[in-house]
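Subject: Handover of a structure and summary of findings

Dear colleague,

Please find the structure below, handed over for your use.

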Amino acid sequence: MNPLIGTRRSVTLAWQRYLPFSLVNVQAYAPMQAGVYKIAVNLTNGQRRVVYVGQAADLDSRHKDHLSEWECNLDLFNLVRQYQCSFALAAGPIQAERDAAERALYLNFRPQCNTQVPTGPAYTVTPLTSA
């Protein structure tokens, strides 16, 4: 009997805490390494609503792209400028695990600014939320 039949790969994410989504915080806390991330709108009741999830080979550059005037996702561009937002990230050097994490984050949060459904493998990803 094959011991791998019926098992599912898993990915464990080590999330940093949510920080205000600003260039100063991106420069200070987003590493120039691969990982996954969430961008959330800060709600008036103290909660957050995740509006975008993604992955990047360079989290620093990707977050700077999202903050720039050249951001091509107009929904995200407008939300980031209109509302107070936060971001959280988790490093992840393995591409298949980033693909799986991005997919799991998308399916969990159904973020309104993602325009495509990620197609990563169906690994078990924990945790999907962060402090």
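Ala-56 counts as buried, because its relative accessibility is 9% (buried means under 20% relative accessible area, exposed over 50%, partly exposed in between, with a 1.4 Å probe and protein chains only). This residue lies in strand β4, residues 48-56. Helices (H or I, at least four residues) and strands (E, at least two) are DSSP runs, numbered from the N terminus.

Before going further, please note that this is a predicted model, in which local features need pLDDT of at least 70 and side-chain atom pairs count only at pLDDT 80 or more, while totals for chains, interfaces and linings use all residues. Residues are numbered from 1 along each chain as its sequence is written, and side-chain values use heavy atoms, with hydrogens and water left out.

Surroundings of Ala-56 and Ala-34

Not counting residues up to four places away in sequence, Ala-56 touches Gln-33, Ala-34, Gly-35, Tyr-37, Arg-62 and Arg-98; contact means heavy atoms within 4.5 Å. Ala-56 and Pro-93 are 37 residues apart in sequence, and their C-alpha atoms are 9.7 Å apart in space.

Ala-34, one of the residues that Ala-56 touches, is found in the loop between α1 (23-29) and β3 (35-42). With a relative accessibility of 13%, Ala-34 also counts as buried. Its contacts, leaving aside neighbours within four places in sequence, are Ala-56, Ala-57, Leu-59, Ala-91, Gly-92, Pro-93 and Arg-98. The C-alpha atoms of Ala-34 and Gln-55 are separated by 7.5 Å, and the two residues are 21 apart along the chain.

Overall architecture

The protein has four helices and six strands. Read from the N terminus, the order of these elements is β-β-α-β-β-α-α-β-α-β. The C-alpha atoms fill a box of roughly 55 × 30 × 25 Å, taken along the principal axes.

Of the 131 residues, 45% are buried. Among contacts with a separation of 6 or more, 68% are between residues 24 or more positions apart. The exposed surface comes to about 7,500 Å², and carbon and sulfur atoms supply 52% of it; accessible areas come from the Shrake-Rupley method with a 1.4 Å probe, and for residues only the protein chains shown count as cover.

Val-80 is placed in helix α3, residues 74-82, and is buried, with a relative accessible area of 13%. Val-80 touches Phe-21, Leu-67 and Cys-85, not counting residues up to four places away in sequence. Between the C-alpha atoms of Val-80 and Leu-23, 57 residues apart along the chain, the separation is 12 Å.

Arg-103 belongs to helix α4 and counts as partly exposed, at 26% relative accessibility. Leaving aside neighbours within four places in sequence, Arg-103 is in contact with Pro-118, Thr-119, Gly-120, Pro-121 and Ala-122. The C-alpha atoms of Arg-103 and Ala-90, 13 residues apart along the chain, are separated by 14 Å.

Backbone features

Arg-110 is found in the loop between α4 (95-109) and β6. Its phi is near 45°, a positive value in a residue other than glycine. Arg-110 is exposed, with a relative accessible area of 53%.

Largest pocket

The largest pocket has a volume of about 210 Å³. Of its 13 lining residues, the closest to its centre are Tyr-52, Glu-102, Asn-114, Thr-115 and Gln-116. On a 1 Å grid over the protein atoms alone, a pocket is an open set of points where a 1.4 Å probe fits, with protein on both sides within 12 Å along at least five of seven lines, and lining residues have an atom within 4 Å of a point. Grid points are joined across faces, edges and corners, and a volume is the space filled by probe spheres set on the points. The lining has five nonpolar, five polar and three charged residues; Ala, Val, Leu, Ile, Met, Phe, Trp, Tyr, Cys and Pro count as nonpolar, Asp, Glu, Lys and Arg as charged, and the others, Gly among them, as polar.

Yours sincerely
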